[in-house]
Amino acid sequence: MKTFDQLAVIGLREWINLPKLGMVGLRGKIDTGASTSTLHASDIQPFDRDGEPWVRFTAHFGTQVQRRHPCEAPLVTVKSIKSSNGHIQTRYVIRTLLALGDRAWPVEFTLACRKTMRYRVLLGSKALVDGQLVVNPALTYVQDKPQLSLPSGAQ
């Protein structure tokens, strides 16, 4: 059996922060079948800031107590996503810093309504590759909760 020492192990669910969006204490579900990560959002409105495309939205998180958080982020692109049931949806894509355990790195998130889903954040395979992570689906919350502030050196 091969092992990969440089890769951190995470469970099927992990605590994450999105510090540049001001969001801490999010429960994220790992979805290796999804390429791109997804954040539950509503009231999505594109706008221009200094000639650059941005998007304004309300992020939703929390499972028992629902919290709404107003956010703004640069718009990376708009892409068509095919869901597991075959439905095609057009989604806005942002890129923001993700903190998980003692690591932080930029991750692209599509913005989508996930109000009927238990987890408001999905981490897709691209985020796992970029973060050099492997998943043990038999485990949950392996990593410590990430720091509340931006990690040193993060931008």
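**Strand pairs and a pocket**

Guide: Welcome! Let's start in β7, where Ile-88 is the bridge partner of Lys-82. This is a predicted model, in which local features need pLDDT of at least 70, side-chain atom pairs count only at pLDDT 80 or more, and totals for chains, interfaces and linings use all residues. Residues are numbered from 1 along each chain as its sequence is written, and side-chain values use heavy atoms, with hydrogens and water left out.

Visitor: What makes β6 and β7 a pair?

Guide: Two strands pair if DSSP finds at least two bridges between them. β6 and β7 have seven bridges, in the antiparallel sense, so they count as paired. Strands themselves are DSSP runs of E, at least two residues long, numbered from the N terminus. In the hairpin of these two strands, five residues lie between them, and Gly-86 has a positive phi near 90°.

Visitor: Why is β5 called largely enclosed?

Guide: Buried means under 20% relative accessible area, exposed over 50%, and partly exposed in between, using a 1.4 Å probe and protein chains only. Seven of the 10 residues of β5 (residues 52-61) are buried, so the rest of the structure largely encloses this strand.

Visitor: Which strands does β5 pair with?

Guide: β4 and β5 run antiparallel and are joined by seven bridges, while β5 and β6 share eight, also antiparallel. Glu-52 is the bridge partner of Arg-49, and Arg-56 stands opposite Glu-72 in β6.

Visitor: What makes the largest pocket a pocket?

Guide: On a 1 Å grid over the protein atoms alone, a cavity is a set of points where a 1.4 Å probe fits but cannot get out, whereas a pocket is an open set with protein on both sides within 12 Å along at least five of seven lines. The largest pocket has a volume of about 600 Å³. Of its 22 lining residues, the closest to its centre are Ser-83, Ser-84, Arg-91, Arg-114 and Leu-122; a lining residue has an atom within 4 Å of a point.

Visitor: Which strands supply at least two residues of that lining?

Guide: β4 (37-49), β6 (67-82), β7 (88-100) and β8 (103-112) each do.

Notes
Points joined across faces, edges and corners; volume = space filled by probe spheres on them. Helix = DSSP H or I, 4+ residues; strand = E, 2+ residues; numbered from the N terminus.
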